[in-house]
Amino acid sequence: MELEQALRERFSCRRFLDQPVALEQVRTLAALAQRLPSWGNTQPSKLYAVGGEKARAVRENLVTAMQSGSPQAPDIAMPASFEGALMDRYRDLGRALFKELGIGREDHNQRAAHYANNFDAFGAPCLLYVTVPKGQTSYVVLDAGAYVTGLCLAAASLGLATCILAALARFPEEVRKVVPIPPQEAILIGVALGYADPEAPANRFRSERLPLEQVLTSFDL
Ligand SMILES: Cc1cc2nc3c(=O)[nH]c(=O)nc-3n(C[C@H](O)[C@H](O)[C@H](O)COP(=O)(O)O)c2cc1C
């Protein structure tokens, strides 16, 4: 798949088939993502790919931690909310997604079930954890963001689906119970990886983008 097609077709997959991802596929997409730039070629990102029983154990730990009300303690502070227009767009996304899923405003059970599904990585058979070294400039997160984008686009080009999930990084100690990620590394984000369930209503959903005029200002072009 060409890059333009991968950019247009990638979407956040929110229901995966129970079909494992081959190590060779993960190695290919990890090697492609490594082509993304970093400040001074410092390459701060590390990748932990978790499949099989271990992925199931991480997902189970995370769902249990969330449902038992354990305090969330991400290695890198996460936004509690957003301000102004960003908050409006964040709410718009939630409304549009729940509408597609047919989950009403007052349907608290279904909403809670969907929230729990986030921690279950929407059933993904493979979890990708991206870490950055602790105690470095916050620009390492910019480099890691590029790396994560590379992973998702490379996955799309290989016919795999992804969902970047903050939910996977909210209880890092639950992850470390299964995956030996050293304490000197901060778990930045998790990415659910697998094959999209084509029948799932959640996978019909496509998020919108702002009109280009609201994003791009050009001069002298
Ligand atoms: C840093 C980050 C964290 C995210 N965390 C979640 C999450 O916890 N749950 C979820 O359903 N989607 C999550 N997403 C996916 C976004 O909602 C999604 O990328 C956005 O709505 C744009 O939609 P698209 O990816 O389908 O183009 C996250 C995306 C990013 C970049």
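Helices (H or I, at least four residues) and strands (E, at least two) are DSSP runs, numbered from the N terminus. By this rule, the protein chain holds 7 helices and 4 strands, and from the N terminus on the elements follow the order α-α-β-α-α-α-β-α-β-α-β. The model is a predicted one: local features need pLDDT of at least 70 and side-chain atom pairs count only at pLDDT 80 or more, while totals for chains, interfaces and linings use all residues. Residues are numbered from 1 along each chain as its sequence is written.

The overall form comes next. Along the principal axes, the C-alpha atoms fill a box of roughly 50 × 45 × 35 Å.

Now to the strands. An open sheet of 4 strands has the order E1-E2-E4-E3, with antiparallel pairing; two strands pair if DSSP finds at least two bridges between them. Strand E1 (46-50) and strand E3 (161-165) are the edge strands, each pairing on one side only. E3 and strand E4 (residues 185-194) run antiparallel and are joined by 5 bridges. One of the bridge partners in E4 is Gly194, which goes with Ala161.

The residues around the ligand (C-beta atom, placed from the backbone, within 6 Å) include Cys163, Ile164, Leu165, Asn118 and Arg14.
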